[in-house]
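This report is meant for someone meeting the structure for the first time. Please look through the sequence and the model before reading on.

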Amino acid sequence: MKIVTLKQLVSMSLFALAVVLLPATSFAELPVPSHITPPVGEHVGEDVPQPIEFPHNRHVKDMKINCMYCHTYARRSKVAGIPPTSKCMGCHKMIATEKPRIQKLTEYWEKGESPRWKKVHDVPDYVHFTHEKHIKKFVFDADFPVEDVQQVCGLCHGEVREMTVAEKKKPLNMGFCQRCHEANGGPGDCWKCHK
Amino acid sequence: MSLKNILENFSYYRRDAEAGGHHEYEHRFAMAIDLDICTGCNACSTACYAENNLPVVGKERFEAGQAMHWLRVERYWDEIEGDYPEQGAKMIPMMCQQCGAATCEPVCPVAATYHTPDGLNAQVYNRCIGSRYCSNNCPFRVRYFNFWSYYEDSWPEPLRMQLNPDLSVRDKGVMEKCTFCIQRIRNAKDKSQREERPLVDGDIITACAQACPTDAIVFGDTMDPESRVSKAWAKHQIHRGPVTAKKQKADEEIRGYRVFDELNVDPSVMYLERVRDTEV
Amino acid sequence: MSVKVNRRKFLKMLGWGGAGTALAGCDMPTTVTLEEGKEEVVSYLMPEEYVIPGIGVWYASTCTQCEAGCGLHGRVREGRVLKLEGSPDSPINHGNTCMMGQSGVQSHYNPDRITAPMMRKGGNLQAISWEDAMAELSKRVGPSSGVDGKRVGMVTGTISGHQSVLVSELLGQLGSKNHYVHEQINTSVWRTVCRDMLGDETPKLNFDKARVVLSFGADFMGVWGSPVHNMGEYAKFRKGAERGTLVQIEPKMTMTGANADLWLPANPGTEGALALGIANFIIDRGWNLVDVPARIRGTLKQYDLVTVEKVTGIEAEKIKRIASLLSERSPSLVLAGASVENQENGYDSVAAIMLLNLIMGNVGNTIGATAKFAEASMQAKQGGTKDLLLLAKALSDKKLDVLLTYNTNPVFTAPDVLQVQAGLANVGFKVAFSMFPDETTLSADLVLPIHSGMEDWGTHVAAYQPEGAVMGFQQPLMEPIHKDTRGFGDIMLSLLKLRGSDFAKFDDYYSYIQTSLLNMPSSIVTSTGSKEETWNGILQNGIVKTKGTTTPLVPKLVDVRYKPAANNSEYPMHLVPSARLGMWDGRHANIPWIQEAPDQIAKVVWGSWAELHPKKAAELGVKNGDYVRVTSASGSVETQVYVHKGIHPDAIAVPVGQGHEEYGRYAKGRGVNPLKILNPIMEKRTGELATYATRVKVTSVHKTGRLVKMGGSEVQVGRKFVRTISSSVFQRTEKEV
Amino acid sequence: MSNHRLLAMFKDFDDAFEVVDKIKGKALSSVEIDDVTMMSPIEHPDIDEKLGDRPSNIAYFTLMGAIFGVTFGFFFLAAAQASFLVQPQGGKPVIALPTNFVLMYEMLIFFAVWTTVITFLGMSGLLSRRGTLYSEKLTVDEIGLVVEVSDGDLESVKSFFKENRALEIREEKV
Amino acid sequence: MSQVIQDKVIDEKLEWSRINADVIASMQSPRRAYWVALAVCIAMLFCAVAAEIYQYKYGMGSAGLNNPHMWDMYIATFVFWIGMSHAGTLLSAILHIIHAQWRKPIYRFAEAMTTFSLMTAGIFPMIHLGRVWNLYWVLPYVSDRGIWPNFRSPLVWDAFAISTYLSSSALFLFIGMIPDMAILRDHTTGWRKKFYGILCLGWRGDDRQWRNFRRTYMLLACFLIPLAISVHSIVSSDFAMSIMPGWHITTFPPYFVAGALYSGCAAIMTLFVALRYFFRMEEYMTLNIMEKTCKLTFAIAMVWTYLNLIEFAATWYGHNIYDKELLIDKATGPYAAVFWTMIFCGMVVPFTLCFQKLRRHMPSMLVVSILLNLGMYVERWMIVAPTLAMSHQPHQWDVLWGTVIQWAIVFGSFGWFGLLFLIFVKLFPCVSMYEVKELCFHLKHEIEEEEHEKQHAAKAKAGATAGGGASPAGNPGLEGA
């Protein structure tokens with residue numbers, strides 16, 4: 001049963017508006033996986049200073065490390081999780097130890113403390129969002145190549161490979177979620193996402 | 001387009017409870033509570049406080065009738081002539097009955113309460129504007145309203161650390177009620193999906209049922225004919241849906257009953273009558 | 001990973017924002033501003049494989065909320081323990097919990113916990129460092145202190161397992177024999193009678209085999225024995241092939257009484273006469289299954305129906321019915337609890353009651369032997385109120401120089417006349433090992449804050465072992481919340497080390513119990529697999545199953561020298577200091593969930609009340625919410641009245657647990673403590689404090705208020721919330737299908 | 001072609017009506033009865049009779065508004081209900097007719113009232129510029145008669161006025 | 001004296017210019033009592049505002065509401081004000097349609113009362129909301145979240161009905177005032193002249209305007225009557241659509257409408273007395289009008305009494321145990337005093353209106369009308385509170401008398417209403433000048449006509465007497481027998 005409704009009219013017009021208003025970006029954007037109708041919406045993030053200025057671009061673009069290598073809980077839990085310090089140290093005991101950021105990290109490790117990261121991507125406390133299910137649906141169940149997972153992640157997290165510390169690029173509000181759920185057949189039941 | 005939608009699916013949109021509803025239920029969670037072995041010990045209620053972030057309101061607010069016990073163990077005395085209540089007291093754990101044709105749902109002005117495909121009576125806290133009509137229209141009076149910002153003084157540090165992150169802590173102005181531990185249902189479903197198997201009886205257990213020292217509370221899915229609760233419902237001749245002649249109990253002496261069944265709200269909680277040895 | 005690695009490291013808490021912790025779900029205004037970079041996320045340092053943020057992990061442990069020793073599973077997420085459930089592996093609670101077990105987390109996270117050691121300086125307790133505290137302790141009880149070991153005392157609650165070993169070791173090292181085990185809520189008299197008449201203090205009670213349970217004041221589902229276990233057994237008793245019948249005889253309806261098929265209040269203190277009357281009637285009719293010697297027969301003869309009716313106030317017809325019930329539906333189980341035990345004639349009454357078990361052939365049938373933990377030093381040391389009296393005497397006689405207190409609160413539970421508080425002044429140095437600033441703790445000179453049951457290691461051997469001898473294993477569910485608390489075991493170990501001993505080889509309590517458990521002789525456990533496997537098994541199950549020793553029961557009839565309590569015209573009423581599941585003896589008064597949870601019978605919350613029969617209330621001209629003064633020869637309390645029919649007209653029940661003068665914000669200054677006005681009457685044979693023997697007079701103080709209780713109407717007004725059918729119908733419709 | 005506009009003020013309706021009758025009766029070449037406008041502090045019941053049939057079509061618009069309201073009401077509600085997926089409530093259908101009838105009824109009245117008022121503002125020439133021929137006495141107790149005349153009939157109309165005790169006559173060129 | 005003259009509600013010989021002058025003067029210089037009343041109203045409003053700020057900050061618990069009593073006096077007061085709003089419609093629309101001329105001097109303030117009591121009523125659901133800052137969720141607006149209000153909820157019907165009624169009755173009031181605005185434009189000076197110049201929308205009083213005006217006014221009146229009835233039926237649906245005993249009653253819609261008209265009429269009587277005094281309106285708001293209002297009120301009171309008794313009877317005979325027990329509890333339980341106050345004020349007090357002497361005695365009427373209003377207020381409370389106090393679930397039975405906060409807000413709502421009303425009557429003529437003129441005009445004609453007829457009849461009689469004893473209509477034979 002295909003339902004095209006007022007709501008979709010609205011979202012279509014919003015989409016059109018967004019397309020018109022979007023500044024023409026010249027750099028190569030992440031391709032959108034063909035099996036997903038991407039969520040629509042943009043957000044101008046703030047600069048959030050982190051205890052260690054983690055360079056996502058270096059790890060993702062240059063080193064070609066998969067998102068889920070570090071954010072390993074994403075496919076197993078509702079939270080993607082900040083990688084445990086042991087994971088960082090796994091490489092950085094050897095690699096780039098002379099760099100100030102790494103030295104700072106080593107300092108933390110030796111003190112037995114975790115850096116206190118600032119949260120950038122967040123949903124309200126009354127929202128139940130689970131990474132696991134989204135990755136299952138859009139990556140594993142869709143037989144999408146896992147090495148390209150950043151295309152899926154990017155739909156909500158923006159082009160992380162271009163950032164150093166993470167920046168919020170999508171509004172992540174209910175309209176954003178709702179439009180995507182409708183377009184991709186996600187659940188429409190309130191209690192699926194609200195707790 | 002909307003017009004087309006309405007016209008094409010009109011009959012679908014017009015199905016009501018008697019016609020099986022517009023819902024394709026995935027589950028219909030229900031309970032069977034045996035009042036014969038319910039001792040009234042209050043473990044269920046405390047477990048509910050622990051599981052569902054229920055605030056402790058304190059003496060003054062309790063006195064004002066603003067307590068938040070989603071599950072309360074009601075105690076009634078017999079209306080007896082004699083000197084003593086020789087058959088003891090009557091205890092009944094009373095929580096949201098998750099009615100199939102709930103009276104609270106249609107009166108909410110903002111649709112903050114509705115029926116889920118799991119057969120539950122959902123309350124979406126962040127949609128609620130606090131008109132409190134739902135509670136007024138609940139014959140069981142099991143909806144609780146956040147009359148104050150309870151969270152401010154219910155959990156002084158470090159009590160706050162006990163709060164269950166799987167569900168919201170509610171601020172003032174919001175209605176809330178028993179959810180049949182939706183967070184446990186959600187987790188169990190996630191787990192079964194993760195393990196790629198269907199949900200089976202026993203995967204989900206509500207906090208009250210788990211705590212109950214006598215296992216008087218049985219929780220399960222009535223759509224699963226093999227579940228303990230289905231069997232209990234069948235054994236006690238209680239059927240889903242409003243009571244009609246067809247659905248009446250064949251043997252009136254069988255213990256199962258639903259409170260206020262005569263109001264046709266189709267509660268999801270079946271109680272089993274208390275038994276007393278009248279010969280002693 | 002090596003077994004030796006301290007597991008606590010991995011339980012480090014994640015930050016609040018760690019993984020979607022929900023707080024204040026619906027803040028105003030509704031347009032939720034999710035400002036970026038306002039919340040913190042803290043990652044694990046080095047997680048275990050199975051620890052995943054956002055998913056709870058269950059750890060097994062043992063409940064420390066009362067002495068029953070139920071197995072627990074604690075749900076831990078992001079390093080915080082969130083919820084406790086019963087462990088299905090535990091033979092005691094079979095996966096169930098009571099409200100006290102559920103509230104374990106609130107005891108652990110309690111905002112009023114002591115967070116640093118305190119020392120009395122110039123009359124006030126002041127925070128000091130652990131080094132100073134331990135130095136002080138060493139100065140007072142260490143080898144160089146010159147303390148006379150005989151003048152050192154220790155008061156604890158029921159204690160078992162390795163803790164008990166350490167305590168005994170310490171006292172032994174000091175040469176002290178003054179270990180007072182004080183439990184306000186106890187079954188001491190019953191245990192003594194069981195020992196005398198059955199040869200086993202804690203026989204196994206097979207509720208499931210009984211067709212009738214006749215309980216004289218034993219609130220076995222509430223505060224008698226092992227309540228969660230008993231409730232599970234009760235369910236079996238009701239759900240068996242034939243639904244069992246419960247008859248409860250007690251002056252004030254307890255939760256067990258509320259579930260009885262027949263509830264009767266005999267005149268308080270005359271339950272023994274009733275039991276003898278029943279026995280006499282049974283023997284008269286020749287229904288007894290075991291013969292009775294002539295001398296006992298002779299005693300029984302005095303208890304003919306007319307006399308018994310007169311003494312007990314129970315109609316002869318009812319006595320006959322109970323007697324015939326016992327004979328028709330044998331086997332039965334006859335129990336005696338607080339309201340019978342804690343009378344002046346407690347022992348004799350219980351013995352009379354036990355006589356019924358003996359003559360009805362219940363011994364070996366519904367009453368069986370239990371397995372005992374093979375290592376005697378680790379068995380539970382059970383207490384009662386006798387030790388409280390002894391302690392009070394020692395205090396007033398100035399026999400103690402040093403007093404250590406742990407896990408008990410005698411200052412709160414002792415009647416005023418015993419002058420425990422004043423007596424403590426006679427003790428030179430008092431050390432309290434405590435989580436909470438309760439009355440006893442605040443009377444101490446040195447207060448050592450200890451870990452909660454969710455932060456510490458430990459072992460517990462329950463006194464009542466229904467299915468084989470098991471040891472409950474307690475492991476920390478999370479890092480200590482407060483950095484300045486220590487484990488009781490650790491402190492004991494360091495005290496022991498002061499004098500140098502075998503214990504010097506253990507770094508800490510953890511390594512002590514680990515070594516001890518892994519090296520248990522094969523006479524106690526059959527070990528299979530490597531030590532690592534064994535240890536992991538213990539961690540996983542939270543239970544150590546051992547080979548217990550079982551000695552068969554030896555029934556022995558004793559002479560019953562029963563004498564009913566005398567009347568007292570000045571103080572005509574009987575004071576019932578009732579206890580309930582939840583509040584227990586008052587130790588849980590600072591748990592908000594327990595305070596907010598209504599009393600099972602009166603449904604009153606957050607305070608004290610006095611239960612009165614409507615007849616008496618009418619005589620006094622009081623109604624619900626009015627204040628009355630309850631005066632005994634030793635003092636008086638004033639509280640609000642709750643009127644209901646579930647109480648003997650000559651009794652007034654004031655619940656125990658409230659009336660704390662200290663403790664935390666939830667307990668302090670709330671309600672009244674009926675224990676304070678008890679007269680110092682001893683049970684004649686056992687020397688226990690006869691807590692139910694105090695006579696009082698009740699007067700209205702002509703003040704009224706609103707009784708804060710749950711529930712509007714006391715009756716269903718014909719609405720059929722709880723419907724009742726008769727057992728015979730039930731039997732027909734459900735049991736015979 | 002009428003190029004003059006005359007205003008005459010009268011003490012009472014009867015005087016004014018006589019003038020109207022005269023204008024009707026004399027059949028002046030340039031003055032039709034439709035050129036006569038009567039201004040009064042109150043509405044005289046006979047005014048229609050005297051000035052002839054001058055229709056007011058507000059009711060048609062009201063009807064339109066009502067019909068629009070009721071149809072829009074139904075489809076708006078039904079569309080909203082059918083697109084709002086969380087509608088299963090209390091065992092009631094998604095498109096619940098009894099409730100929609102209630103709301104349609106309200107919307108009928110709402111739209112009808114507003115169309116009526118808006119049409120009234122338009123049709124009665126409110127919110128438009130007032131001519132200069134106006135006297136404040138019109139809102140006290142005098143009756144005004146405005147006649148549009150051409151040069152030829154100007155004097156005869158004036159004389160009618162005077163004959164009928166006109167209190168004041170004003171004149172303006174168009 | 002003839003019937004017309006005896007019943008005449010106003011002196012037809014009033015100079016039209018004097019009508020203008022009197023009304024304008026009244027607006028400009030009321031008695032001192034007016035200012036006192038204004039000050040009292042502001043003080044009352046202040047109480048409510050302070051209470052509301054507290055409640056907004058700390059939550060609904062400060063109103064003392066609790067689990068069974070999720071609604072209490074706020075909703076009762078809401079219903080009360082909604083009810084009061086019906087009088088304006090009744091007097092103005094219904095009496096307009098049936099051409100009852102006597103409404104003309106008093107309908108203006110009745111209509112204003114409608115609008116302002118609606119504005120007061122409309123505030124109450126907001127005050128009562130737990131999260132009032134989300135009130136707009138009740139409105140049907142297109143949102144990208146794809147969510148709508150729940151059209152099934154009687155509260156949403158309320159929102160629709162009240163906004164329709166408020167806008168319609170405000171328009172009705174405004175349209176009816178246009179000719180008066182023109183009068184004020186022409187006869188005031190300064191800011192008032194400019195103000196009324198804008199509001200009269202360029203009214204000249206020509207025949208086209210009058211014709212359309214009459215048509216529009218009639219159409220609006222026709223719509224307003226069913227609207228008013230629907231509004232109060234919908235308010236009754238808040239209760240009748242529920243499942244609760246004492247609420248789920250079929251006769252509720254007509255009962256509510258009757259109650260509404262009743263309380264509205266009582267309020268008109270109160271305001272009649274007050275305005276008559278404040279603005280020295282003795283010549284316009286005559287005792288004859290008061291008498292008619294009283295008679296109307298009495299009639300409606302009897303309708304309400306009847307429906308109320310019917311409700312009791314239906315409950316009694318319906319034999320639904322929950323309903324029946326509740327009814328018994330109302331009469332004998334904790335709310336008995338309130339219940340019997342309602343019965344006394346609503347059913348017994350109106351009989352005072354049967355006495356002409358009392359009807360013409362203004363102080364008595366003030367007291368009576370306030371008693372009637374009190375009766376109507378407690379009637380609403382008796383609808384809301386006992387059901388909540390003693391519903392299906394005996395475990396949750398509770399009696400609530402409200403806290404200071406709740407009382408202050410309820411009390412203050414009278415201040416708010418009074419303030420709005422007093423400002424209105426100061427700014428706008430509370431007596432419709434043009435319609436009083438019409439009234440005088442018609443009255444004069446009727447009297448003339450009557451006198452004419454009388455003279456005619458006298459002449460005819462004289463003629464007949466002169467013509468001899470023959471009586472054309474009589475039957476002398478029979479009469480003689």
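## Domains of chain D

Domain bounds are taken from an automatic or database domain assignment. On that basis chain D is divided into domain 1 (4-55 + 131-173) and domain 2 (58-123), and the C-alpha centres of these two domains of chain D lie 46 Å apart.

## Basis of the description

This is a predicted model, in which local features need pLDDT of at least 70 and side-chain atom pairs count only at pLDDT 80 or more, while totals for chains, interfaces and linings use all residues. Residues are numbered from 1 along each chain as its sequence is written, and chains are lettered from A and ligands numbered from 1 in the order in which they are written.

## Where chains B and C meet

Counting two residues as in contact if their C-beta atoms, placed from the backbone, lie within 7 Å, the contact takes 74 residues from chain B and 85 residues from chain C. On the side of chain B that touches chain C, α3(B) gives the largest share, seven residues; helices (H or I, at least four residues) and strands (E, at least two) are DSSP runs numbered from the N terminus.

Strand β11(B) pairs with β29 (residues 724-726) of chain C in the parallel sense over three bridges, where pairing requires that DSSP finds at least two bridges between the strands. Within β29(C), Ser726(C) is the bridge partner of Arg276(B).
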